[in-house]
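Here's a quick briefing on a single protein model, grouped by topic. Have the viewer open as you read.

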Amino acid sequence: MGTTVRAAQFIGLNQEESWGDIDTVERQTRCYVWWSVFIGAGFISMSWGTPPMLIETDCHVQQPLDVKDSFEQCPKFGSTEIYEDGQSRPVTVGSSNRFKAKMYKIANSIMDQIYFTQHNGSEELCQSISKLHQRLLAWERSIPPELRAESHPPNTIEDGEDAALKRIFAIQALTLQVSYDNVQILLFRPLISIGGVPRSRISTRANSPALATQASLANVPSAFINIAQQQCWASATRTSEVAKRPDLLRLFQFGFPAIHVGVHAFSAGVMLGLLALLSPLSARGQENHTCGVK
């Protein structure tokens, strides 16, 4: 992935102003390719616990507009999304990638600011986490109904001319939800401690300068620790419930979404196990154990 990022930067794919006068399809294709590289680099960084290869300030490219086959809308919906130019346009098949790119901008900032930035004590760390958490919550509130998993309940997509399109939106909604929950877990993971040892020491590379700050959580307010545990519990539990959607899992079992969801589901299972160990005899501990087994 590092080679791909460097190649994209070398040919100026991250600098839209350098592209000159090119036709609309070419411009939008380049935008789409760049943001695909950005998302892929973010996924690798989060999965391997390595410094982000790209951060928000590396991007000088607009989100792609809809072209050709990305104009299709989800039947029986009619929501709109706000583009970077401030215009409101219908939610389409192409909307998912735009929302995903916005989320990965936050995710890459989490890797950079939380895991690979030295903090002056736990208070500064908590402030950084809180600001990023608010950005994530704002992103989640902006998701239109078409791209929310609850808008596509199990066994409600009937066969017909619109069935394939409905399934596409349902898959996009599920993958967005799982990705969002994984980013929330990533954000609060440094505050999940067992026996005084933050779990991020195990899952992040040893060259992370933030580990020195995370080594002691004694000064973190208990209320903030509770928020971290509650958010991780809610996100991990919801991710564990993807098994309840075999209708969708079968559709992408041989594609990239399967890898995407599988990796995040594994991370969620680990988090549920850690939370259960924090208080194994509590009601939540028992529920976490049950979710983890499922």
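One term first: buried means under 20% relative accessible area, exposed means over 50%, and partly exposed is in between (1.4 Å probe, protein chains only). By that cut-off, His260, Val261, His264, Ala268, Met271, Leu272, Leu274, Leu275 and Ala276 are buried in H10. Keep in mind that this is a predicted model, where local features need pLDDT of at least 70, side-chain atom pairs count only at pLDDT 80 or more, and totals for chains, interfaces and linings use all residues. Residues are numbered from 1 along each chain as its sequence is written, and side-chain values use heavy atoms, with hydrogens and water left out.

**Overall picture**

- The protein has eleven helices and four strands; helices (H or I, at least four residues) and strands (E, at least two) are DSSP runs, numbered from the N terminus.
- Of the 294 residues in the protein, 49% are buried.
- Take the contacts (heavy atoms within 4.5 Å) between residues at least 6 apart in sequence: 72% of them join residues at least 24 apart.

**Helix spans**

- H10 covers residues 256–278, which is 23 residues, and runs 34 Å from its first C-alpha to its last, close to the 33 Å expected at 1.5 Å a residue.
- The expected span here is 1.5 Å times one less than the number of residues in the helix.
- H3, with 21 residues, reaches 30 Å between its first and last C-alpha, close to the expected 30 Å.
- H3 is largely enclosed by the rest of the structure, because 16 of its 21 residues are buried.

**H3 against H4**

- Two packed helices are described by the angle between their axes and the distance between the axes.
- For H3 (residues 95–115) and H4 (residues 122–141), the axes come within 11 Å and cross at roughly 175°.
- That crossing makes H3 roughly antiparallel to H4.
- On the conventions: axes are lines fitted to C-alpha atoms, for helices over the stretch in contact, and angles run from 0 to 180 degrees between N-to-C directions.
- Under 35 degrees counts as roughly parallel, over 145 as roughly antiparallel, 65 to 115 as roughly perpendicular, and the rest as oblique.
- From H3, the residues at the contact are Phe99, Lys102, Met103, Ile106, Ser109, Ile110, Gln113 and Ile114; they meet Leu125, Ser128, Ile129, Leu132, Arg135, Leu136 and Trp139 of H4.
- Sorted by class, this contact has ten nonpolar, three polar and two charged residues.
- Those classes put Ala, Val, Leu, Ile, Met, Phe, Trp, Tyr, Cys and Pro under nonpolar, Asp, Glu, Lys and Arg under charged, and the others, Gly among them, under polar.

- Phe99 sits in H3 and counts as buried at 3% relative accessibility.
- Not counting residues up to four places away in sequence, Phe99 touches Glu81, Trp139, Ser142, Ile143, Pro144, Leu147 and Leu176.
- Phe99 and Leu176 are 77 residues apart along the chain, with 8.3 Å between their C-alpha atoms.
- Asn108 is also in H3, and it is buried at 1% relative accessibility.
- Leaving aside neighbours within four places in sequence, Asn108 contacts Phe38, Gly42, Pro52, Leu54 and Ile55.
- C-alpha to C-alpha, Asn108 and Ile55 are 5.7 Å apart in space, though 53 residues apart in sequence.

**Two buried glutamines**

- Gln177 belongs to H5 (residues 163–188) and is buried, with a relative accessible area of 14%.
- Beyond residues up to four places away in sequence, Gln177 touches Ala149, Glu150 and Arg238.
- Gln231 is in H8 (residues 222–240) and counts as buried at 16% relative accessibility.
- With residues up to four places away in sequence not counted, Gln231 touches His133, Gln184 and Phe188.

**The loop between H2 and S1**

- Lys76 lies in the loop between H2 (24–48) and S1 (80–82), and is exposed, with a relative accessible area of 79%.
- Although Lys76 is not a glycine, its phi is positive at about 70°.
- His60 is in the loop between H2 and S1 as well, and is partly exposed at 43% relative accessible area.
- Neighbours within four places in sequence aside, His60 is in contact with Asn14, Gln15 and Glu16.
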